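Here are some notes on the model you sent, set down as numbered points.

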Amino acid sequence: MTPLRQQMLTALHLSGKGERTQEAYVREVRLLAQCYHTSPDRMTAQELQHDFLHRKNVDGLAPASMRLCSSGIRFFSQHVLQRDWHTLTLLRAQTAHRRPAVLSVAEVRRLLASATPLHNQGSFTTVSRVGLRLQEALFLPGSDIDGPRLQVHVHRGKGAKDRYVPLPAETLALLRTSWKTHRHPPWLFPAPGREHTHSPTAPSPMRRSSVQGAFRTATHRAGMTKTGVALHTLRHAYATHLLEAGVNPRLIQRYLGHTHLETTMVYVHLTHKGHEEAYERLNALMHGLLP
């Protein structure tokens, strides 16, 4: 490990960045160094500018990827090199305002029924019925399940925040059934290994890539034709269905672990119930106006 890499890892750790953020930031600096086959502390401002333009115009990185790239390089320059590159002050990634795909209750049920084997169905159900992020679900230990109170204690969610989330009784029963197939001490979803024989002694939970691949297979089996459907769509569906059921947005904000209510209120635009009520009121208001 080079001294610069060690310095950056130390700075990331001291700043309290999450594990995935640390990995992403280090990766961006490594890609920058590989582009010019030189140490990143020897790069010029022109080389840095050319690298960003290449990633945006040639590689075609999405706005979110460009923001991650600039954030990683900016952190490295400020906290490791203690240098202010003028290019970083100019860089602005365009924000994409795209609404997420939403599944109906029936579609979610059909998708979950198409998931196999049991540990994949359990992880999908935890995301869709508890509203967890995939990383939160995969690293969920059995000790965080409060069966008598029917709730889940999420430790160190996004932003290092704890929260309690309601746990449906049927989901609790499924998690118990799934855990009995491996009886791993900490993890509810340990890595299955080859032929699913190493789950009881797995050193880590299931990999994100394998779960996401299983989700794509399940959507194909369920005959999903909507665009933009991913595993995170189940979390969107969770929030939307709660709003349609009349649950207070403040409670949904707490369940999802959102810092700002405005983030939760995005789902208001995805519900059909609000539109239906608006149409009914418009029809009643306009009734009898025509001669």
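**Notes on the predicted model**

1. Of the 291 residues of the chain, 40% count as buried. The model is a predicted one, and the points below should be read with that in mind. Its secondary structure consists of 14 helices and 3 strands. Among the contacts in the chain with a separation of 6 or more, 56% are accounted for by residues 24 or more positions apart.

2. Helix 3, which spans residues 45-58, and helix 4, which spans residues 63-79, have axes that come within 11 Å and cross at roughly 160°. Since angles over 145 degrees count as roughly antiparallel, helix 3 is therefore roughly antiparallel to helix 4, and the crossing of the two is right-handed.

3. On the helix 3 side, the contact with helix 4 is made by L48, F52, R55 and K56, which meet M66, C69, S70 and I73 of helix 4. Sorted by type, the residues of this contact between helix 3 and helix 4 comprise 5 nonpolar, 1 polar and 2 charged.

4. A second pairing involves helix 7 (residues 118-130) and helix 9 (residues 169-180), whose axes lie 10 Å apart and which pack at an angle of about 155°. Helix 7 and helix 9 are therefore roughly antiparallel to each other, while their crossing is left-handed.

5. Which residues of helix 7 and helix 9 meet? Helix 7 contributes L118, H119, Q121, G122, T125, T126, R129 and V130, and helix 9 contributes T171, L174, L175, T177 and S178. The residues of this contact of helix 7 with helix 9 divide into 4 nonpolar, 8 polar and 1 charged, a tally in which Gly is counted as polar.

6. Helix 12, covering residues 249-256, has I252, Q253, Y255 and L256 as buried residues. Seen down the axis of helix 12, these buried residues fall within an arc of 165°, so they line one face of the helix.

7. The face of helix 12 that is turned away from its buried side carries R250 and R254, both of which are exposed. As for what covers the buried residues of helix 12, the elements include strand 3 (163-166), helix 11 (233-244) and helix 13 (261-265).

Conventions. Residues are numbered from 1 along each chain as its sequence is written. This is a predicted model: local features need pLDDT of at least 70, side-chain atom pairs count only at pLDDT 80 or more; totals for chains, interfaces and linings use all residues. Side-chain values use heavy atoms; hydrogens and water are left out. Axes are lines fitted to C-alpha atoms, for helices over the stretch in contact, and angles run from 0 to 180 degrees between N-to-C directions. Helices (H or I, at least four residues) and strands (E, at least two) are DSSP runs, numbered from the N terminus. Angles under 35 degrees count as roughly parallel, over 145 as roughly antiparallel, 65 to 115 as roughly perpendicular and the rest as oblique. A crossing is left-handed if the near helix is turned anticlockwise from the far one by less than a right angle, and right-handed if clockwise. Contact means heavy atoms within 4.5 Å. Buried means under 20% relative accessible area, exposed over 50%, partly exposed in between (1.4 Å probe, protein chains only). The arc is that of the directions from the helix axis to the C-beta atoms.
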